[in-house]
Amino acid sequence: MVSVMYRNRRGRITGLGSAVPEHIMTNHDLEKMVDTTDEWIQSRTGIKERRICEKYESMSDLAVAAGRRALEMAGLGPKDVDLLLLGTVTPDHRLPSTACIVQKKLGLVNAAALDIVAACAGFLHGLSIANSFIRIGQYKRVMVIGAEKLSSCTDFTDRNTCVLFGDGAGAAVVEASEGDRGILSTFLKSDGRLSELLWIPHGGSIAPPQSFHNGDGDFFITMSGSEVFRHAVRQMSDASLKALDMAGLKSEDVTVMVPHQANIRIMESAARRIGIPIERVFMNIDKYGNTSAASVPIALDEVVRSGRIKEGDILLMAAFGGGLTWASATVKW
Ligand code: ACO
């Protein structure tokens with residue numbers, strides 16, 4: 001229950017940052033690794049290239065670089081952050097949470113830190129949780145990061161998946177704010193009955209790596225592409241309409257939609273169902289591929305830094321991923 005005292009309080013994004021590895025893997029590079037073509041990948045997904053970590057680069061390194069840029073934009077120091085939420089499915093270690101590692105590297109000494117496992121919807125889950133904590137008055141300055149090193153669980157001999165994914169990180173600083181600017185609505189949903197459409201079968205506690213011999217375990221992302229596609233279009237568009245409705249908005253009020261960058265055809269179909277013209281949908285999938293939890297905050301950082309958004313504009317974000325999980329949010333900038 002929101003206290004009367006905090007009725008007008010909401011989270012407002014005051015800083016954004018992103019970071020991707022230097023190394024670019026193009027579709028032509030993949031043509032040499034699996035039976036695929038640049039033409040197939042571009043026409044089916046919209047992806048031209050993706051960024052891939054070197055062996056020495058960790059997911060937390062990317063998260064830290066993105067977080068530092070977000071702090072700079074917000075004009076805050078590390079000690080100002082009182083909660084860190086990190087959406088990821090590719091943690092540095094199984095223990096501790098990578099949020100604790102990022103906390104250490106960034107010097108967020110006054111923060112609580114935790115990981116959120118909601119795949120591609122991880123950042124929007126974090127944004128929603130940040131907003132809720134801010135609204136009840138428990139935290140004032142929350143850093144929300146989405147970061148992935150998907151190359152660590154991508155099978156580069158499987159053409160069905162290896163052409164899709166990339167590495168990267170995006171971060172937002174969310175601060176308590178009074179007034180009508182900020183996060184207007186968020187919506188979260190999951191359906192665990194569909195978990196095996198998109199999962200990593202082995203490597204968790206039910207089938208730990210040491211229980212396999214001769215490389216017979218499956219530690220890579222496995223996906224039923226066309227089924228995931230169908231759910232993604234329906235759930236991202238329904239979730240978007242829900243978030244708009246919760247905020248008392250209509251699709252024509254949206255200045256820019258920032259969807260999860262999974263596949264250009266998913267974004268186009270979802271936008272059509274919501275009733276948003278494609279020119280108002282931000283896309284950078286051609287450069288990065290699907291970076292899971294990092295995809296929405298990287299896109300958000302790019303759209304804001306491009307100058308396309310001005311004060312008072314309405315942003316709609318939506319994401320969908322393994323779990324299955326999906327989420328949406330509206331923001332008045
Ligand atoms: N190059 C060439 N051919 C390929 C490739 C490739 N890289 N990959 C698959 N094919 C072939 C298939 O083998 C199949 O051949 P067949 O007909 O001989 O069996 C054919 O292309 C068509 O395959 P489809 O799966 O029907 O292709 P589709 O048009 O559905 O595109 C894709 C596949 C791109 C994977 C699409 O289904 C998709 O984007 N799905 C959703 C992905 C997604 O959103 N994931 C969620 C987030 S990820 C996360 O949470 C971490």
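I began with a term: contact, or touching, means heavy atoms within 4.5 Å. The model is predicted, so I noted that local features need pLDDT of at least 70, side-chain atom pairs count only at pLDDT 80 or more, and totals for chains, interfaces and linings use all residues. Residues are numbered from 1 along each chain as its sequence is written, and side-chain values use heavy atoms, with hydrogens and water left out.

I looked up what Phe 320 touches, leaving aside residues up to four places away in sequence. The list is Cys 120, Val 228, His 231, Ala 232, Gln 235, Met 236, His 260, Thr 325 and Trp 326.

Next came the largest nonpolar core. I wrote down the rule: buried Ala, Val, Leu, Ile, Met, Phe, Trp, Tyr and Cys residues joined through side-chain atoms within 4.5 Å. Buried means under 20% relative accessible area, exposed over 50%, and partly exposed in between (1.4 Å probe, protein chains only). This core has 40 residues, and Met 257, Ile 276 and Phe 320 touch the most other members. Helix H7 (225–246), helix H8 (264–274) and strand S12 (314–321) each supply at least two of its residues. Helices (H or I, at least four residues) and strands (E, at least two) are DSSP runs, numbered from the N terminus. H7 gives the largest share, six residues. Another core, of 34 residues, lies apart from it and includes Leu 83 and Tyr 139.

**Entry: the two domains**

The bounds come from an automatic or database domain assignment. I found domain 1 (4–179) and domain 2 (184–332). Their centres, taken over C-alpha atoms, are 13 Å apart. In contact are 48 residues of domain 1 and 44 residues of domain 2.

How much area do domain 1 and domain 2 bury between them? I got about 3,700 Å², 66% of it on carbon and sulfur atoms. Buried area is the accessible area (1.4 Å probe) that two parts lose on being put together, summed over both. In domain 1, Leu 16, Cys 120 and Leu 124 lose the most area to domain 2, together 18% of what that side buries.

I counted 17 residue pairs in polar contact between the domains, both at pLDDT 80 or more. A polar contact is a pair of N or O atoms within 3.5 Å; within protein, one must be able to donate a hydrogen and the other to accept it, and residues adjacent in sequence count only if both atoms are side-chain atoms.

**Entry: Thr 186**

Thr 186 sits in strand S8 (residues 182–190). Is Thr 186 buried or exposed? It counts as buried because its relative accessibility is 17%. Its side chain makes a polar contact of 2.8 Å with that of Ser 128.

**Entry: helix H8**

I listed the buried residues of H8: Ile 266, Met 267, Ser 269, Ala 270, Ala 271 and Ile 274. Their cover includes H7, strand S11 (256–259) and helix H9 (285–288). Asn 263 caps the N-terminal end of H8, with a side-chain oxygen 2.7 Å from the backbone nitrogen of Arg 265. Gly 275 follows H8 and has a positive phi, near 95 degrees.

The peptide bond from Leu 95 to Pro 96 is cis, with omega near 0 degrees. The bond from Gly 323 to Leu 324 is cis too, with omega near -15 degrees. Ala 119 is not a glycine, yet its phi is positive, near 50 degrees.
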